Amino acid sequence: MSARGWLAGLAVVFATAACGPIEYVNHTTLGATPKLDAARAADAEKWSPYWWTRAVQYLHKSKEEAAYAHFQAANRFGELSEEAADKAREEALRRAADPAAAAKEMGPIDGGTIEAPKRDDDKAAPKQKGLAPVEDGS
C-alpha cells in the first residue's frame, strides 16, 4: 500500500470518527440551546411546564452522555430537547395570549391549589370500629 493510499485511509477514519462530536455540536450547542433560550423568553416555565421540563432534562442528559463520549445517545437527546423546546415555546405563546383559556386547560397558574371533589359514597360506606377480623389459616 502506498503512502498516499495509507494517508487517504487514515483521513477517512478520522473524518468518520469525528461525526459524533460534530453532530452533537449541531444538535445540542447550535440547536437545542438557542431553542431553549427562545422558550425561556416566551416564559415556557410558567405557561408550558411539561414541555419546558422535558426540554431542559433532555438537554442535561445530552450533555451528560457527551461527557462520557456516548455521542450517538447525546445526539438523540439533543434532538429530543430541540423538539420539546419548540413545543414549549409554541404552547407558551399560545397560552400567554389567552390566560383565561390557559387557566381552564392547565388549572391554577399562580401556584394555587385545586380542591379535590367530594365523594358521594362517603356517607353510604359503613364505618367499622376496631380491628378487622382475622381469618384462621388452618
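Guide: E91 counts as buried, because its relative accessibility is 16%. Buried means under 20% relative accessible area, exposed means over 50%, and partly exposed is in between (1.4 Å probe, protein chains only). The model is predicted: local features need pLDDT of at least 70, side-chain atom pairs count only at pLDDT 80 or more, and totals for chains, interfaces and linings use all residues. Residues are numbered from 1 along each chain as its sequence is written, and side-chain values use heavy atoms, with hydrogens and water left out.

E91 sits in helix α5. Helices are DSSP runs of H or I with at least four residues, strands are runs of E with at least two, and both are numbered from the N terminus. Leaving aside residues up to four places away in sequence, E91 touches W47, S48 and W51. A contact here means heavy atoms within 4.5 Å.

Three aromatic pairs turn up in a search of the whole structure. Y50 and W51 form one that is edge-to-face, at 5.0 Å centre to centre with 80° between the planes. The rule uses rings of Phe, Tyr and Trp (its six-membered ring) with centres within 6.5 Å; planes under 30 degrees apart are stacked, over 60 edge-to-face, the rest tilted. Y50 counts as exposed, because its relative accessibility is 51%.

α5 runs over residues 71-97, which is 27 residues. From first C-alpha to last it reaches 39 Å, close to the 39 Å expected at 1.5 Å a residue. That expected span is 1.5 Å times one less than the number of residues. Buried positions in α5 include A74, G78, L80, E82, A88, E91 and R95.

Now the charges. Side chains of opposite charge can pair when their charged atoms come close. A salt bridge is a side-chain nitrogen of Lys or Arg within 4 Å of a carboxyl oxygen of Asp or Glu. The structure holds 10 of them.

R95 bridges to E105, with the closest N and O atoms 2.8 Å apart. This pair links distant parts of the chain: R95 is in α5, E105 is in α6 (residues 99-106), and 10 residues separate them. R95 is buried at a relative accessible area of 9%. E105 is partly exposed at 43% relative accessibility. Salt bridges with shared partners join E91, R94, R95 and E105 into one network.

K35 lies in α2 and E82 in α5, 47 residues apart, linking distant parts of the chain. E82 is buried, with a relative accessible area of 14%, whereas K35 is partly exposed at 29% relative accessibility.

Phi of A69 is near 65°, a positive value in a residue other than glycine.

Step back to the whole protein. It has six helices and zero strands. Of its 138 residues, 24% are buried. Among contacts with a separation of 6 or more, 69% join residues 24 or more positions apart.
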